[in-house]
Amino acid sequence: MISMVAKLRRLLSQREQWHALLLLGMMMFGAVLEMVGVGAIPAFITLLSAPSRVEKYAAVRSALAHLPPHSEAELALWGAAVLLLIFLLKNTYLALVSALQARYVTNRQIKIAGRVFHAYLDSPYALHLRRNSAELLRNATNEAMEVVGSVLMPLLTLVMETLTVAAIFALLLVAEPFISLVAVGLLGGASLVFARAIRRRLIHHGHAMQLHRMKMLQAVNEGLGSLKVTRVLRRESYFFHAFMASAEKFAAATRYRQVMLDLPRLYLETAAMAGILGVAAILIAERRPIDVVIPVLSLLAVAVVRMIPSFNRITSSLTTLRYGRYALEAVYNDLMSVHARADVRGQAADALPFHRSIELRHVDFTYPGAARAALSDITLAIPRGGVVGFVGPTGSGKTTLVDIILGLLDPTRGEILVDGREIRDNLVSWQRHIGYVPQDIYLTDDSIRRNIALGVREDEIDDAAVQRALQAAHLSDFVASLQAGLETEIGERGVRLSGGQRQRIGIARALYHEPDVLILDEATSSLDNETERFVMQAVEHLRDERTIILVAHRMSTVRGCDRLYLLKDGCLIADGSFDSLLVENDRFKALVGAEWAESPDRDPERSSRWA
């Protein structure tokens, strides 16, 4: 419990902690009002049964002295009015505390979920290569909400109800020390026995609930994310059964939790009834007068009736905390261990000029947990305005090298310099120079316009820049042919577009901010030959205006590059023009020959030349 509170404190700002303390202070006063309310009922019963007994209290005599002459019936009416006023004030105040508590809790849900999502957005790219997206999705939504709903809220409830029980116990202790010890000991002991009896099962089901919530999301992501392949291979049942298997285990854990939240009330009511009857038997055995027994029993009955919900909520809060500890662990560990680069991304970076070249000097990179380096001692230079290509077999390190240049991965050794300045010292400014086109273009279920200006607020979209990007990507005619033009909805992941259209929207998106550097990472590898030719024609028209970096398997894609860099097993083994490498490097010649041997009809002239 202490460790959970310590971790929760780390997730709350200083201001949020002060607000929590203020809320606790209000809860303490609410507990005092609960004590007054409980004590007022047996006092009113005493007033009805023996009015003369209340006058022995000095405070009561002083209050009665300010009243006009009255009969016992009128005194009872005054007592009823005071009792009503006490409960009206008490419950109004407690309703206010409840509303403030709900507001505090829901606001913390938003803040913590936002912090987790922001941390994932700003976390090192390498983290996303290691983690399953379903786990991150679960943590940013369900678990972030669970931290508040199953940790913070139960803790506040636990404190509130403990204070209430303590206040009522203090009242009982003053009125009847022995009987109060018996009653509270019975309820408290019963609650403790119940909590300890189910503790291990709660821990087990809490972990199962978290695990299978993630597996359900994973099954949905994987099944719908590859729906076309899933449908063709008729693998729907695999993902459905995977989802249902986890859903059933999640439901079992949820079911156990719900039962354990409801069961304490029934258990405690039985224990309380046994306690009240036992106290009545003790009082009768002591031969106390009936006019004494009735107020004592009424005080005990009211106190127990009020304490049963409190003990029930205490037990339920402990139950919920057992479940919530795993959500807290997941969110806390990620927020503490993910080295979010908000300090770099959020700062107003000075401009990083790019007039001469991009240089990589002795760059090494090894993925966490990998047995060997993905890149080893890479040194190269790309002049401004140049068109270069990275080529090599699968697994040679081409995409890793691009990720290093993009600033997504930090090299384990070496420097990445732009005009002699390290990009990691000014990453925000460097990335403003870059337009990036990946192999798989991610398109949102939105209009063409908003896909090109991805992530830009509606009122901040520069329509002139959109039109320039369309023109540069050779999409203007296609968009003009559409009935809704730029406002045409393209469907989730662009399902209503062809592969070439999706790629050209990706190029237009990369050009929207008019970057100095355009990087295409296998951007045409999934296209047919004719579509690839159209896309590369669009790229060709950009070569005089921008530095272009191409990553490709197809030799036709890099044929027009000023310089090619050939990689193998993470090492730069050769560089030069296409023609010079074709003559001087056997590995490059083998790559070219293998491609054209597999598809000789692509270009008969080249096929005969490279055979």
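Is Arg 361 buried, partly exposed or exposed? In this predicted model, Arg 361 is partly exposed, because its relative accessible area is 36%, and the legends below begin with the view around this residue.

**View A. Arg 361 and its salt-bridge partner, Glu 359.** Arg 361 forms a salt bridge with Glu 359, and the closest N and O atoms of the pair are 3.5 Å apart. Glu 359 is likewise described as partly exposed, its relative accessibility being 22%, where the boundary for a buried residue is under 20%. The salt bridges in the model come to a count of 21.

**View B. The salt bridge between Glu 34 and Lys 90.** The closest N and O atoms of Glu 34 and Lys 90 lie 3.4 Å apart, and the two residues form a salt bridge. Because Glu 34 belongs to helix H2 and Lys 90 to helix H5 (residues 72-122), the pair ties together parts that are 56 residues apart in sequence. Glu 34 is buried, with a relative accessible area of 6%, and Lys 90 is buried as well, with a relative accessible area of 7%.

**View C. A network of salt bridges that includes Arg 449 and Glu 458.** Asp 446, Arg 449, Arg 450, Glu 458, Asp 463, Glu 487 and Glu 489 are joined in a network of salt bridges. Within this group, Arg 449 is paired with Glu 458 in a salt bridge whose closest N and O atoms are 2.7 Å apart. Arg 449 counts as buried, at 8% relative accessibility, whereas Glu 458 counts as partly exposed, at 42% relative accessibility.

**View D. A nonpolar surface patch on Phe 29, Val 32 and Val 36.** Together, Phe 29, Val 32 and Val 36 make a nonpolar surface patch of about 230 Å². Phe 29 has its place in helix H2 (residues 14-49), and this residue counts as partly exposed, at 43% relative accessibility.

**View E. The packing of helix H1 against helix H7.** Two packed helices are described by the angle between their axes and by the distance between those axes. Helix H1 (residues 2-11) and helix H7 (residues 133-175) pack at an angle of about 115°, and their axes are 11 Å apart. This angle makes H1 roughly perpendicular to H7, and H1 passes H7 in a left-handed crossing.

View F. Gly 189 lies in helix H8 (residues 177-225) and counts as partly exposed, with 31% relative accessibility. Although Gly 189 and Ala 271 are 82 residues apart along the chain, a separation of 9.9 Å is found between their C-alpha atoms. Ala 272 is part of helix H10 (residues 236-285), where this residue is buried, with a relative accessible area of 4%. The C-alpha atoms of Ala 272 and Ala 301 are separated by 9.0 Å, while the two residues are 29 residues apart along the chain.

**View G. The mostly covered helix H13 and the glycine that follows.** Eight of the nine residues of helix H13 (residues 398-406) are buried, and the helix is therefore mostly covered. Those buried residues are Lys 398, Thr 400, Leu 401, Val 402, Asp 403, Ile 404, Ile 405 and Leu 406. Just after H13 comes Gly 407, which takes a positive phi of about 85°.

Technical notes
Residues are numbered from 1 along each chain as its sequence is written. This is a predicted model: local features need pLDDT of at least 70, side-chain atom pairs count only at pLDDT 80 or more; totals for chains, interfaces and linings use all residues. Side-chain values use heavy atoms; hydrogens and water are left out. Patches are made of residues with over 30% relative accessible area and no salt bridge: like charges are joined within 9 Å, nonpolar side chains (Val, Leu, Ile, Met, Phe, Trp, Tyr) within 5 Å. Accessible areas come from the Shrake-Rupley method with a 1.4 Å probe; for residues, only the protein chains shown count as cover. A salt bridge is a side-chain nitrogen of Lys or Arg within 4 Å of a carboxyl oxygen of Asp or Glu. Helices (H or I, at least four residues) and strands (E, at least two) are DSSP runs, numbered from the N terminus. Buried means under 20% relative accessible area, exposed over 50%, partly exposed in between (1.4 Å probe, protein chains only). Axes are lines fitted to C-alpha atoms, for helices over the stretch in contact, and angles run from 0 to 180 degrees between N-to-C directions. Angles under 35 degrees count as roughly parallel, over 145 as roughly antiparallel, 65 to 115 as roughly perpendicular and the rest as oblique. A crossing is left-handed if the near helix is turned anticlockwise from the far one by less than a right angle, and right-handed if clockwise.
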